[in-house]
Amino acid sequence: MLNQLQSLTEYVGGNNALIDQWLQARKQLLVAYYHLVGIKPNKDKHTPLDEQALDDFCHNLVDYLSACHFHVYERILQEAVALSDQKLAQTHRLALALQANTQFIMDFYDSSLATAIDHDNCIEFQQALSSVGEAMAERFALEDRLIRLAIDKE
């Protein structure tokens, strides 16, 4: 996911401050997720789960989802009014899919990530964390399409 983010960041090329901030927030979220699950870029060793990593990830996740939902998407949709009817329709479909994705992730957050981890729920927590990772990958693909629609004004 970090490689895809780097490619998109290069594609955007600093042409839109809002999107640049958005992509930087995504990078912070991914780094927090990788730290939580024990993946370190360019390293083969996994690290054990720790409370600070979980807190950092949860904080980044909620901040990211909130900023996207209440600020970024709204601004992108406002700018989309200038797009063709076809791109405007695509933008609205992507916004609806992202809204559903937000709800899916927040449901997992509320049911699994926000609760204390102990021996009894460790497996469920790992499964929830994996599902959140998959949902984030889906979300980033949708967001990438939204960004490309916003950047490609033709």
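This briefing describes the helical architecture, the helix contacts and selected residues of one protein. The model is predicted. Its secondary structure consists of five helices and zero strands, in the order α-α-α-α-α along the sequence. Of the 154 residues in the protein, 36% are buried. Among contacts between residues at least 6 apart in sequence, 76% link residues at least 24 apart.

- Helix α2 covers residues 17-37, which gives it 21 residues. From its first C-alpha to its last it reaches 30 Å, close to the 30 Å expected at 1.5 Å a residue.
- The buried residues of α2 are Leu18, Ile19, Trp22, Leu23, Arg26, Leu29, Leu30, Ala32, Tyr33, Tyr34 and Leu36.
- Just after α2, Gly38 adopts a positive phi of about 90°.
- Helix α4 spans residues 85-113 and has 29 residues. The distance from its first C-alpha to its last is 40 Å, close to the 42 Å expected at 1.5 Å a residue.
- Buried positions in α4 are Lys87, Thr91, Leu94, Ala95, Leu98, Asn101, Thr102, Ile105, Tyr109, Ser112 and Leu113.

**Packing of α1 against α5**

- Helix α1 (residues 2-12) and helix α5 (residues 122-151) have axes that come within 11 Å and cross at roughly 10°. Angles under 35 degrees count as roughly parallel, and α1 and α5 are therefore roughly parallel to each other.
- On the α1 side, the contact is formed by Leu8, Tyr11 and Val12. On the α5 side, Asp144, Ile147, Arg148 and Ile151 take part.
- By class, this contact of α1 with α5 has five nonpolar, no polar and two charged residues.
- Asp144, placed in helix α5, has a relative accessible area of 15% and is buried, because buried means under 20%.
- Beyond residues up to four places away in sequence, Asp144 touches Leu8 and Arg26. Leu8 is one of the α1 residues in the contact with α5, while Arg26 is among the buried residues of α2.

**Tyr33 in α2**

- Tyr33 is found in helix α2 and counts as buried, at 9% relative accessibility.
- Not counting residues up to four places away in sequence, Tyr33 touches Phe57, Leu129, Ser130, Gly133 and Met136.
- Tyr33 and Gly133 are 100 residues apart along the chain, and their C-alpha atoms are separated by 7.9 Å.

**Ser112 in α4**

- Ser112 belongs to helix α4 and is buried, with 17% relative accessibility.
- When its neighbours within four places in sequence are left aside, Ser112 is in contact with Phe125 and Ala128.
- The C-alpha atoms of Ser112 and Phe125 lie 6.0 Å from each other, and the two residues are 13 residues apart along the chain.

**Leu77 in α3**

- Leu77 lies in helix α3, which runs over residues 51-80.
- At 23% relative accessibility, Leu77 counts as partly exposed, since the buried class is limited to values under 20% and the exposed class to values over 50%.
- Residues up to four places away in sequence aside, Leu77 touches Thr91, His92 and Ala95. Thr91 and Ala95 are among the buried residues of α4.
- A separation of 9.5 Å is found between the C-alpha atoms of Leu77 and Leu146, which are 69 residues apart along the chain.

**Cysteines**

- The structure holds zero disulfides.
- Cys58 is buried, with a relative accessible area of 10%.
- Cys68 is also buried, with a relative accessible area of 1%.

Key
Residues are numbered from 1 along each chain as its sequence is written. This is a predicted model: local features need pLDDT of at least 70, side-chain atom pairs count only at pLDDT 80 or more; totals for chains, interfaces and linings use all residues. Side-chain values use heavy atoms; hydrogens and water are left out. Axes are lines fitted to C-alpha atoms, for helices over the stretch in contact, and angles run from 0 to 180 degrees between N-to-C directions. Helices (H or I, at least four residues) and strands (E, at least two) are DSSP runs, numbered from the N terminus. Angles under 35 degrees count as roughly parallel, over 145 as roughly antiparallel, 65 to 115 as roughly perpendicular and the rest as oblique. Contact means heavy atoms within 4.5 Å. Ala, Val, Leu, Ile, Met, Phe, Trp, Tyr, Cys and Pro count as nonpolar, Asp, Glu, Lys and Arg as charged, and the others, Gly among them, as polar. The expected span of a helix is 1.5 Å times one less than its number of residues. Buried means under 20% relative accessible area, exposed over 50%, partly exposed in between (1.4 Å probe, protein chains only). A disulfide is a pair of cysteine sulfur atoms within 2.5 Å.
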